[in-house]
Amino acid sequence: MTSTGIGAAVRRKEDHRFITGKGRYTDDINRPGQAHAYFLRSPHAHAKIKSLDVQGAKTKPGVLAILTGDDIATDKVGGLICGWMIHSKDGSPMKAGPHPALAQGKVRYVGDHVAVVIAETVGEAKDAAEAIKIEYEVLPAEVETASAQRQGAAVIHDVAPDNTVYRWHLGDKAKTDAAFAAAKHVTKIDLTNNRLAPNPMEPRAAIGEYDSGDGVFTLYTTSQNPHVARLVLSAFIGIAPEHKLRVVAPDVGGGFGSKIFIYAEETVCVWAAKKVGRPVKWTSDRTEAFLSDAHGRDHVTHAELATDENGKITALRARTIANLGGYLSTFSSSVPTYLYAPLLSGQYDIANIYCEVDGVYTNTTPVDAYRGAGRPEATFVVERLVEAAARELGQDPAKFRRKNYIKSFPHQTPVIMTYDAGDYAASLAKAMEIADYANIGKRKRESAKNGKLRGIGISSYIEACGIAPSQAVGSLGAGVGLWESAEVRVNPVGTVEVLTGSHSHGQGHETTFAQLVSERLGVPFENVAIIHGDTDKVQFGMGTYGSRSGAVGMSAIYKALDKVIEKGKKVAAYVLEASAGDIEFKDGKFTVKGTDKAADFGAIALQAYIAHKFSGQELEPGLKEGAFYDPTNFTFPAGVHICEVEVDPGTGSTRIERWTAVDDFGVVINPMIVEGQVHGGIAQGVGQALLEGVRYNADGQLVTASYMDYAMPRADDLPSFHVGMTVTPCPSNPLGVKGCGEAGAIAAPAAVINAITDAVGHEHVAMPATAETVWKACQRASQKLAAE
Amino acid sequence: MPYTLTVNGSERSLESRDPDQPLLYVLRNALGFTGPKFGCGLGQCGACTVIADGSPIRSCQLPISAAQGMKITTIEGLGTIEKPHPVQAAFIEEAAAQCGYCTNGMVMTSAALLAQNPKPSVEEVKQALAGNLCRCGTHDRVLRAVMRASGRQKT
Amino acid sequence: MYAFEYVRANSVRGAVSALAKHEDGKILAGGHTLLPTMKQRLASPSALVDLGAIKDLAGIEQRGRSLIIGAMTTHAAVAASDVVKASIPSLAEMAHMIGDPAVRNRGTIGGSIANNDPAADYPAACLALNATIVTNQRKIPASDFFKGLYETALEPGEIIVRVAFKPPSRAAYMKFRNPASRFALVGVFVAKKGSDIRVAVTGAGNQGVFRWRAAEEALAKRFNPKSLDGLKADAGMMNADIHASPDYRAHLVAVMTQRAVAKALGK
């Protein structure tokens, strides 16, 4: 291992600009002559627009244009799409209602986009928006996930009269039911996976621009996947053909899923730029972000686990209602289906699994992928069930898990996935050692002496990530392929530019991707630049989400580097006057096998461009190669997190005393960055478990619309983390990497709730486990104890 | 109205029609200091933190009219890559930034803390940073960085 | 924000006359509450009268038996003041618990008291420490000052100049934070001065800060946490919102009061 190669804890390149304030985010960009957009949003969760009069408002100072759903219709701007087709169990396609970028006749959640005012300043746009005359016929609102399908519920989309987008299922129902009938013991649990607001610290922003000279649109936007944005804006929404539309996603201040999607605001800014003949800028304020960034999670689930007389798990079944909000967002349909149910086997050998999922419309903000996307929900179901079963059976939860772990690979689960590699018992053993699991009894007694309740909780999670392969996701309904592309440009002086379709918004790609190049080409790390986020520079790409950039994005670079090395060998053969078959490349040097003839990488790059040593008929000049990489399987990171808490029974407040994470991410490129990603995931998972929850009132008003009411994890809410690793290389990609971005968010919620339920002696503690929730659980537990 | 303030050691004059315009927008749009970030505009997230007359403040909550005459330090004036402030150097060493957006507030609040309290305890650092939200979950690394900058190691 | 006029007052008198000119003018005394409200277009005063430049409104001094804190003194200044720490250490501790460093550097005691946010800390301190709120017109005992949610005894044109505290023999503040806003979900300031015992509760009451008389009576018999065993606050008086139910708030009032008494006793 070199000091900057694979496995080295190289300090991040991008930090140089971030810590000196030189990062360049969308809102940092101002275009000459730009105007500002302000969106008039629906104050009602569900209403018909009876009349909308913008004439008076148009005369207000500074106003350039006011556009509404009628203009969208006139200009034939296509609706926002949901790009993953799910079929119900009866074979019918999902019921996708219309989703215009500006409302047409009806609004379906508070914050829905009614009109846009474009003016010289944001203040003038707001003043004019207040002068828009609009009459609503307010309709009853459906807010609750569990009751949206009931008889007599208000109908949100005509296409779905029972508010049901799909009734989907996975697995063999008959076999699973039979296994339950034969079970010695059945554990049952009811769970709510709380709705979360993604809250990247950078609010979404967009600048649309139109060059009438060449008819090219440019969109600067906060996107995790600028090429997908361009594809959707071109092929589906119809703004402009792809060669006339450039999308730039510069530095992006966190995404966590919420910046994957193609939203109304970005669409409107780029469309309106041509209409007003000026660049149009929009920056979300924080309340708008709470209202309009796609939320995450929001499941209601009943789940059961069957065990035999030996404590072996024989079957699992689950029934989930997933709230998809007022419209289907870009990938929302896939999250509670194919990103969820195929993970219900967890790390366990379970012969029979059956899962039903109903996706429902409600008058709430659309719900889509948020860090983990489906897999945290699956892990929460599996790990709460397994923990509860172990306790009911009187077994140590760690032993119960170990007994039921999958132990040989590859392993085919009954729900699609073929797990390729892993050593779950090794992660558990290491985690138990770091967590000092053996002495928890002693620590519980010490806490008890101080009037506190201590508990410990395990979460043995697995995820399927590196989301791909294209053929597989296509067969499951995805509208796009999920490969990745890379181009490696070697300059004549031997410096290297890598153009990647992945997008970095906190993951440190500029560092880790450069480590790969440095390692493979033997060039200094500083001589490598990673370029991403601009459709004019990078030809195509699928972007960054689903922990895919290592496994898929870097594999594409790896493949392109293979080609660069191959080409380099051909050039070297001419330079070193040997046959290409005798050229070897190692540590940045081309050598002729069995001789001391050698040329370093930079020298060969120069020769490739000078092209004096070979003719054009023999070899093309230059050194630039591209590759598309489509993996053969998902990757399966897995691990064990152990959370230890202390509860103050007087107030119910929970303090996390110790956090242990042992993850198997396969080969690790940069342990420092990977560990940071683990920290981040855990912080978000702890946030979900203890603090966060989007709340609507019965009328569908968002109650948690600022940081005064939506509790984010802060420095003093979080413990320091003890992170360990185990490594089983991923066999399906050339680097052996699996992905690490989501693991913490997937593992953490179950670990926290298992720890709290252990501490308070009561199985039902809902998320977020606020002090009041835990206090009530303490009360119930002591009442139960008294009754016994 | 004309206003004068000192930013990163240079006296800057500007015109603003709105006396209520927050210092944040003045810095970002009129003066070109985009280091301070807009995260919420309501003084609730800390991304806009600058040091005003020696104390960390939320620049989104300070009207330009009230900032008149103040000495402002933004992250651009704290240090450079060649000559970083100890907090900046420690942030790199501990990989304390991820997406970089809250980093301004974390760095500025930490720098102000160490100016007033050069050897804080971990608990004091946590308290000082409780008003700075970070969605990437870098809190543990930030604590380590501040302790490193103070010459101590976080245990 | 809507447009408004900004007035930087150089004296209390100047501020009063500026307010007289603008019917719905507001005082800017730090701005951490007022400015966000205005930015969200929830308030639209025609003028903002900034007291920040009035030098003699800020400052801390021990005058005889009274601790005097100027209205424009920041929370940070109170928290860091050796005078306050020597006179009423619990008050310095309370000031340190407000918000975060940036809030403490701008927020002021006068602004906090005049706003009387039902979850603010200072109203509890004033009530428990039997403070006197001195305005440009009169002296108002804290017990007459706080009138309900965001309501005070201040008349139009009346400006808080300083607050005078009488140091207690024992006092402590316990705060259970709202995890989102970090304001008090329940905050209890307990103070003992001779036989006078005051228990002031913020964050919990549906009418804002209040004194919990039953606890005061119990503590008057014996100033000890055990005196409060089994004593319950009235849930009917408590605030209900997404952060806590009235029952839970009532429970927390009792727990925080016991803990504040313990802390006041150095336990």
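## Domains 2 and 3 of chain C

Across the interface of domain 2 and domain 3 of chain C, the rule finds nine residue pairs in polar contact, both residues being at pLDDT 80 or more. A polar contact is a pair of N or O atoms within 3.5 Å; within protein, one must be able to donate a hydrogen and the other to accept it, and residues adjacent in sequence count only if both atoms are side-chain atoms. Helices (H or I, at least four residues) and strands (E, at least two) are DSSP runs, numbered from the N terminus. The domain 2 side divides into 15 nonpolar, five polar and three charged residues. In this classification Ala, Val, Leu, Ile, Met, Phe, Trp, Tyr, Cys and Pro count as nonpolar, Asp, Glu, Lys and Arg as charged, and the others, Gly among them, as polar.

Chain C is divided into domain 1 (5-50), domain 2 (55-165) and domain 3 (170-264), with bounds from an automatic or database domain assignment. The C-alpha centres of domain 2 and domain 3 of chain C lie 20 Å apart, and their contact (heavy atoms within 4.5 Å) takes 23 residues from domain 2 and 20 residues from domain 3. The area buried between these two domains is about 1800 Å², of which carbon and sulfur atoms give 63%; buried area is the accessible area (1.4 Å probe) that two parts lose on being put together, summed over both. In domain 2, C:Met97, C:Leu127 and C:Ala128 lose the most area to domain 3, together 29% of what that side buries. The rule also finds two salt bridges across this interface, a salt bridge being a side-chain nitrogen of Lys or Arg within 4 Å of a carboxyl oxygen of Asp or Glu. The side chains of C:Lys175 and C:Asp121 meet in a salt bridge at 3.0 Å, N to O.

## Basis of the model

This is a predicted model, in which local features need pLDDT of at least 70 and side-chain atom pairs count only at pLDDT 80 or more, while totals for chains, interfaces and linings use all residues. Residues are numbered from 1 along each chain as its sequence is written, chains are lettered from A and ligands numbered from 1 in the order in which they are written, and side-chain values use heavy atoms, with hydrogens and water left out.

## Interface of chains A and B

The contact takes 43 residues from chain B and 56 residues from chain A. The buried area between the two chains is about 4100 Å², with 57% from carbon and sulfur atoms. On the chain B side, B:Gln98, B:Leu133 and B:Arg135 lose the most area to chain A, together 20% of what that side buries. Six salt bridges are found across the interface; B:Lys37 forms a salt bridge with A:Asp28, the closest N and O atoms being 2.7 Å apart. The largest share of the side of chain B that touches chain A, four residues, comes from H3(B).

Helix H3 (residues 86-93) of chain B has the buried residues B:Val87, B:Gln88, B:Ala90, B:Phe91 and B:Ile92. These buried residues pack against helix H1 (15-18) of chain A, together with H4 and helix H6 (139-149) of chain B. B:Thr103 lies in helix H4 (residues 103-116) of chain B and counts as buried because its relative accessibility is 2%, where buried means under 20% relative accessible area, exposed over 50%, and partly exposed in between (1.4 Å probe, protein chains only). The side chain of B:Thr103 reaches the backbone oxygen of B:Gly100 at 3.4 Å. Neighbours within four places in sequence aside, B:Thr103 is in contact with A:Phe18, A:Ile19, B:Phe91 and B:Ala97.

## Interface of chains A and C

Here 25 residues of chain A are in contact with 21 residues of chain C. The two chains bury about 1700 Å² between them, 50% of it on carbon and sulfur atoms. In chain A, A:Thr651, A:Met708 and A:Glu772 lose the most area to chain C, together 28% of what that side buries.

Three salt bridges are found across this interface; the side chains of A:Asp717 and C:Arg182 meet in a salt bridge at 3.0 Å, N to O.
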